[in-house]
Amino acid sequence: MSGESGQPEAGPSHAGTGWPNPERNRAGVPGGVIRRAGAQGRRSWIQKVLEQIMDSPLQCVTPSEVVPVTVLAVQRYLLEDEPRDTVPKPPLYCYDVTISDGVYQEKCYLDPSLNSLVYQNILKVGIQMRVSRVSCLYNEKRIGQGILCLGNVHCGETSDTISLETPFRNRAHEEKPERPLRGGKSHYLALWNNEDPYGDIWLTDKQPEELNFSDTKIISLSHLEMTWANRRNFPALLVRIIHKSKLRYYGKPDKKMIEPYQTFLEVADSSGTVSVIMWNALCPEWFKSLRVGLVLLLQDYSVKKSYPFRMQPVPVDPHIKLISTMEICLNLRDPPTNIIIVPEKQVKPEWRLPKLNHRFTTRSELDNMPENCICDVIGLLVFVGRVQRSKKKENREDFWSYRWIHIADGTSEQPFIVELFSTSQPEIFENIYPMANFVCTQLKVVRNDNQVPKLLYLTTTNESGVFITGHRGQPYTYDAKNANRPSTSQAARVENQERNAKRYHDDEPMSSQCIQTTSTNLSLSNKIRILQGPHTNPVAVPQPGTSVQAKGITPGMSTIFNRRPDTNPSLQGKARKTISDRWESQLWREKKFGLIDHLHYSRVYPESIPRKFTFEHRKFLSQQYNSQPSKYIPPEGRPPKLDDFKSARSLGHFEVTILGLNHEIAIDVAFLPMYCPEDIRTSQIDTLLTSMNYSCAYPQNANANDRLPGPRAVAGDIIKAVTELDRVHIVGILDICNLGNNNVEVYLHKIYSPENTS
């Protein structure tokens, strides 16, 4: 795919090409900024293009030779408004693309007209790309400084052999910390959202300091609340972190903030709890070093009246006073705040700092919890969904990143179902997989008991945190609630449990790590027990990470209903000859040859098929269902193919053709029902229309004492029952999923008949 655009306007740059005066040095090697390949090596395509641009009076050329280059990095940042812009534009995110021609690497500016190639996951790291138009952007404040701009590109397939050893042609591109080519920003953003810290400006090495408190004047939070309005200088605060929010990025093109970040800490001492706001450059310095439970000494802070519309999280200890009239502000200047982490061994009992009280809830208790209740959960991951994105606001370029996960704790047949949004912990969010111990705090209950089946899941809040490794030393490890509770549906052979446990122990120290509690441990053999019954095969849903889901509403009539197995696309032609699960209405036979348009979106791509989890290939699966990385990561050894992993969806999927009410347009969509005979709630689904409405299938003809029919028989029942929809007017709500690479899937999210609804 290619994109066309005119020559971009000139703008400032940080790290340019370092081009010399051509009259001084036609070879282009000024002061060692531009490097030459060895005398015996092949000539750099990047250098030849630069020389061609220098000879062109238009500063925009079509390269005389178009050869494939490899994309090594795609990095995003917010571009500031130019001084001549009188009306602020909406956020304009720009991309710097690092390419390699095998001799040199070069960081280039991507023309904004080509941003859609990144959104659609077409331009991504690891691919080969041909550049057919190149221009330059000069920094007019420095003579001879310019950057290479990619104006027209064609993106190809993933390259088989990629070397990261080639040097940058321009040494400025190697400087740390990395800086964007244009604008005044000092850092890059995460590629797919604004909540995750990204890049080398985010420090992680802040350590506790031994302190002598004899000369330090300390004030309590309750005393500060009563006197802050009449004070000019504030004594130090000695507090414990109770909650920590995710990052908030508030950068705008018309605001010249270098590091526009904000995060909230809820801190407490013996007299109360209050909100602390950390601003701007302090966030990259401290955010990754501060965690819940640490004791801090805060000096040289400021105090202001609290923001009236912000809801503070509920205190973990109901006896602690919630101070909501003031906020503590931490900033790098005005005044420059001093933050010190106090070693836990130096914390004295007479300080009476509050302990952390977690709200751990078991799955068996969740059924009776009210909506919007806050809880913490701990257990074993048995399902990890693909990373998806949803827009924060229409007509904006800002997205939330989220995924669905299932956590089993052994107290119920059902797992916790969690809608996990990014918590500014990408090192965990991007590296979760089944069979791992998992803790998630500050979750909110979402439920609707009026629909069938009942809706019940958990979703993250602004203060949620996740933990998957390094449980030892975490404050929740002393909670007496993750006890050793086996599942109520144990069907495993003990011999296999112990053998599997030993194998996992040998392969991966993390997976064999136990969560230490005051009562007992969750050992690996108990993990295997938890996975029995409905959770025997933990699954992961691989998916390119730029998936963006939207919903559309389509009125019409169901005309074709086909069942397809989840197979290798190359084998689908053979599989179709043997599939007999098909129904076609008489109306469709009459109208299908006279259509104006027939939209085919029923194909389910391999990336969207849930796969049975294989522990030894956990890293490969993690890469498949995560977002595309910003920088190329070399694979370890020869990676397997996605189709080598078995599908975890026993029913396969169905292709549904919906004919428009005017009988002129039809659309093929995919229907992916969930087969759950173990869930008694799905027994309330008694008609096909209800089944399609809630994407569930239940074996209707089985009594309690009978053997449940297999998925194939259930699929046959669905096909037989579909005739009830013949000539019935329906409204279908569709999920439109952009997988990138021009691959679009349309799923039947919900279907209902207007005649049967009030």
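In this predicted model, the aromatic rings form 15 pairs. One of them joins Trp202 and Tyr261 in an edge-to-face arrangement, with 5.0 Å from centre to centre and 80° between the planes.

Beyond its neighbours within four places in sequence, Gln299 is in contact with Thr216, Ala236, Thr337, Asn338 and Ile340. The side chain of Asn338 also makes a polar contact with that of Gln299. Leu237 is 62 residues away from Gln299 along the chain. Two distances for Gln299 are set out below.

| Partner of Gln299 | Kind of distance | Value |
|---|---|---|
| Asn338 | polar contact between side chains | 2.8 Å |

Empty space inside the model is the last topic. Where is such space left? Rolling a probe the size of a water molecule over the atoms shows this. The count is 7 cavities of 30 Å³ or more, and the largest cavity holds about 90 Å³. Its lining consists of 6 nonpolar, 2 polar and 4 charged residues. Among the lining residues are Tyr93, Trp192, Asn193, Arg389 and Asp398. Domain 1 (45-186) and domain 3 (363-480) each supply at least three residues to the lining of the largest cavity.

Technical notes: Residues are numbered from 1 along each chain as its sequence is written. This is a predicted model: local features need pLDDT of at least 70, side-chain atom pairs count only at pLDDT 80 or more; totals for chains, interfaces and linings use all residues. Side-chain values use heavy atoms; hydrogens and water are left out. On a 1 Å grid over the protein atoms alone, a cavity is a set of points where a 1.4 Å probe fits but cannot get out, and a pocket is an open set with protein on both sides within 12 Å along at least five of seven lines; lining residues have an atom within 4 Å of a point. Grid points are joined across faces, edges and corners, and a volume is the space filled by probe spheres set on the points. Ala, Val, Leu, Ile, Met, Phe, Trp, Tyr, Cys and Pro count as nonpolar, Asp, Glu, Lys and Arg as charged, and the others, Gly among them, as polar. Domain bounds come from an automatic or database domain assignment. Contact means heavy atoms within 4.5 Å. A polar contact is a pair of N or O atoms within 3.5 Å; within protein, one must be able to donate a hydrogen and the other to accept it, and residues adjacent in sequence count only if both atoms are side-chain atoms. Rings of Phe, Tyr and Trp (its six-membered ring) pair if their centres lie within 6.5 Å; planes under 30 degrees apart count as stacked, over 60 as edge-to-face and the rest as tilted.
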